[in-house]
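Please keep the sequence and the coordinates open alongside the text.

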Amino acid sequence: MNVLRKKGSKARGGLALAKGRFVLGVTLPLLVYESIGVFVLAWAFILMFFDYSPGRVGGPILGLGGSNPFVGIDHFIEMVKGTSVEASLFRISLKNTLIFAFAILPLNLAITLPLAYLLEQIGDRFKAMYRTIYFLPVLTSSVGVALIWMSMYDPQAGWINAIVRFFGGTPVTWLSDPRAGFLGISVAMWAVMLAYLWQDYGYNMVIFIAALQAIPQELKDAAMIDGASSWKAFTKITLPLIRPTMLFVCVMTMLSSFQVFDIIQVMTNGDPGNRTQVLMLDIYKNAFRYQNLGWAAAESFILFLIVMGVTIFQMRVLRTDWEY
Amino acid sequence: MAENTLKGFPPARAPQPSRGPGALGRFLAYFLLTLGLSFTLLPFVMMILSSFKTNTELLRVPPTFLPEQFTLENYRTIFNDPKLPLLHFYSNSAFVAVFNVVSTLFTSSLIGYLFAKFEFPGKRLLFGWFLTLMMIPSQITMIPSFLILSKLGLINSLWGLIIFSAVDAFGIFMMRQFCETLPNELMDAARIDGASEWQIFLQIVLPQLRPALATFGILHFMGSWNAYLWPMIVLQKIEVRTLPIILTWYNSTHTGQGALVMAATVMIMVPILIVFINFQRWIVQGFTMSGFK
């Protein structure tokens, strides 16, 4: 008996040792990886206080100092009230990014929620087919989306101007007219927003469809038995029940539109006259075109603050539990 | 549905012939949905039709709908272009995508398994640290990551793309959640049989994770295939580029040759379409599971 117990504990000890070795074997590389992550983050943070360009010979530590001087919070002061080209471009980019994000969100919801709701009403046979096709653009490479839309926007041979001509309108140079605008937003911005919306709405639709499907059938039936109209059933029952999904979709849509880059870089590259210059594009150009990495790091930090703000807002609001 | 109606009670009102909207509403629903469907499909149709037109026809005003002269010449040109060996760029993209998928699947399942099934000192701290790092958006780490890659001499190397994307937060979450549902008895039984911890992971845990691995792997493959900004930063020489970057380069060097560009655009989408058609259900499920794009 005694021997048995001893043997058992020995085996357990061996097991614990083997487990410990495994844990150590995985956590050690993870620890190294996380340390590199911290290093990268720290570097990003430090860079924004320097006037840094990788071409210059700087100090011994990370090339900082020397001809890459420490400038403190000068970048941020410059952003707020500077008169340099970079500073005004930053402000334009920030404004355009906000316009983009705040225009995309309502437009996206106005398309996705009704369509998802309608899709829930029709027969199962067609539902799958419709959903598949609506989802196709989401999977398409954004470069491909941009090229397709560029060809549709072509001032001479594009289909969109062909439609405009068909209805007797004058053709528009959609992507290169700096003066044309609608509701205070330039036509070029509307044009890239349309392409962006086209690529993106299938994603939110699929999420809404999943949320609508999760609503228990009894609730919908109860409303029907009580004689509620479709509209009333939608506003009084469906909408409150998918509130958490609504919030999630809003935040995700906001986050991705704040970081929009691909479509705009390919379609307009910020033109005409910086009308579509957004923050990510400005960061990219400063960092990798003009080698102005310190400034670009400071700009990324601003974008980071915006993204973080939205994320924290999301976590605060989404924490409300919902049960049905 | 039949179970949900009040059994045994006579309906208070005349029973409705069908649940939901009436005939008119149904018609309106189909009408609006089909309208949206056409809007979704039209750009694809335009792209495919254009890729079979001659370039002169593509430039005509007003544009033709169907190609008057159906031609495969555009596809022949882009595949035989000496400056653009398309197959070479396919293999670049495939190389990066495959290595990205394999490495992230491995790290995600391993780390997810660790955090789900093992207790060790500092676990919460390590996980919290990890979460914080992963929540940092990539644009803030993009610049130092680039500097590190250039110090390591990995600019213009496909490995540069692979190394920095070997760990993925979403994958780890997904695998951790999945591993938590595995019964501990499964692993304990193997331990009693004398299997080593690595054997347990590779031979018992991994096969159990197959559905999650498949879903995540497919999503990750598509993400890697379509990635644009980071590959554009890292891959500056033409011959090492992946497809999306080569596509924009091709577009800017072939202005006025829209038919060729459309054919190239079709070709970059084909692999994704094949993947999508085969794994549709898993993909839609995966996208719905979390906010992953």
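In chain A of this predicted model, the axes of helix α3(A) and helix α12(A), the latter covering residues 279-289, approach to within 8 Å and cross at roughly 150°. On the α3(A) side the contact is formed by L89(A), F90(A), S93(A), L94(A) and T97(A), while α12(A) contributes L279(A), L281(A) and D282(A). Sorted by class, the residues in this contact of α3(A) with α12(A) are five nonpolar, two polar and one charged.

**The interface between chains A and B**

- The two chains meet through 74 residues of chain A, which are in contact with 73 residues of chain B.
- On the chain A side, helix α1 of chain A (residues 2-47) supplies the largest share of the residues that touch chain B, namely 16.
- By class, the side of chain A that touches chain B is made up of 53 nonpolar, 15 polar and six charged residues.
- E34(A) is located in helix α1 of chain A, and, when its neighbours within four places in sequence are left aside, E34(A) is in contact with W129(B), F130(B) and L133(B).
- E34(A) is partly exposed, because 18 other C-beta atoms lie within 10 Å.

- Helix α7 of chain A covers residues 187-213, and its 27 residues should span 39 Å at 1.5 Å a residue, which agrees with the 38 Å between its end C-alpha atoms.
- The course of α7(A) includes a bend of about 35° at D200(A).
- Of the 27 residues of α7(A), 21 are buried, so this helix is largely enclosed by the rest of the structure.
- The largest nonpolar core contains 142 residues, and those with the most contacts inside it are A146(A), V192(A), A195(A), I263(A), M267(A) and I143(B).
- With 17 residues, α7(A) gives the most to this core.
- Not counting residues up to four places away in sequence, M267(A) touches A146(A), W149(A), M150(A), L175(A), V192(A) and A195(A).

- The peptide bond that joins D271(A) and P272(A) is cis, with omega at about -15°, and P272(A) is found in the loop between α11 (262-267) and α12 of chain A.
- N274(A) lies in the loop between α11 and α12 of chain A, and its phi is near 60°, a positive value in a residue other than glycine.
- Because N274(A) has 18 C-beta neighbours inside 10 Å, it counts as partly exposed.
- Q291(A) lies in the loop between α12 and α13 (293-318) of chain A, and its phi, near 55°, is a positive value in a residue other than glycine.
- Q291(A) counts as partly exposed because it has 13 C-beta neighbours inside 10 Å.

**Chain B**

- The secondary structure of chain B consists of 14 helices and zero strands.
- Chain B has 293 residues, of which buried residues make up 37%.
- Among the contacts in chain B with a separation of 6 or more, 73% are accounted for by residues 24 or more positions apart.
- M174(B) is found in helix α8 of chain B, which covers residues 169-180, and it counts as buried because it has 24 C-beta neighbours inside 10 Å, where 20 or more is required.
- Not counting residues up to four places away in sequence, M174(B) touches A212(B) and F216(B).
- M174(B) and L186(B) are 12 residues apart along the chain, and their C-alpha atoms are separated by 20 Å.

Notes. Residues numbered from 1 in each chain as written. Chains lettered and ligands numbered in written order. Predicted model: local features only at pLDDT ≥ 70, side-chain atom pairs only at ≥ 80, totals over all residues. Axes fitted to C-alpha atoms, helices over the stretch in contact; angles between N-to-C directions. Helix = DSSP H or I, 4+ residues; strand = E, 2+ residues; numbered from the N terminus. Contact = placed C-beta atoms within 7 Å. Nonpolar A, V, L, I, M, F, W, Y, C, P; charged D, E, K, R; others polar. Expected span 1.5 Å × (residues − 1). Bend = angle between axes of the 7 residues up to and from the residue. Buried ≥ 20, exposed ≤ 12 C-beta atoms within 10 Å, placed from the backbone. Core = buried A, V, L, I, M, F, W, Y, C linked by C-beta atoms within 7 Å.
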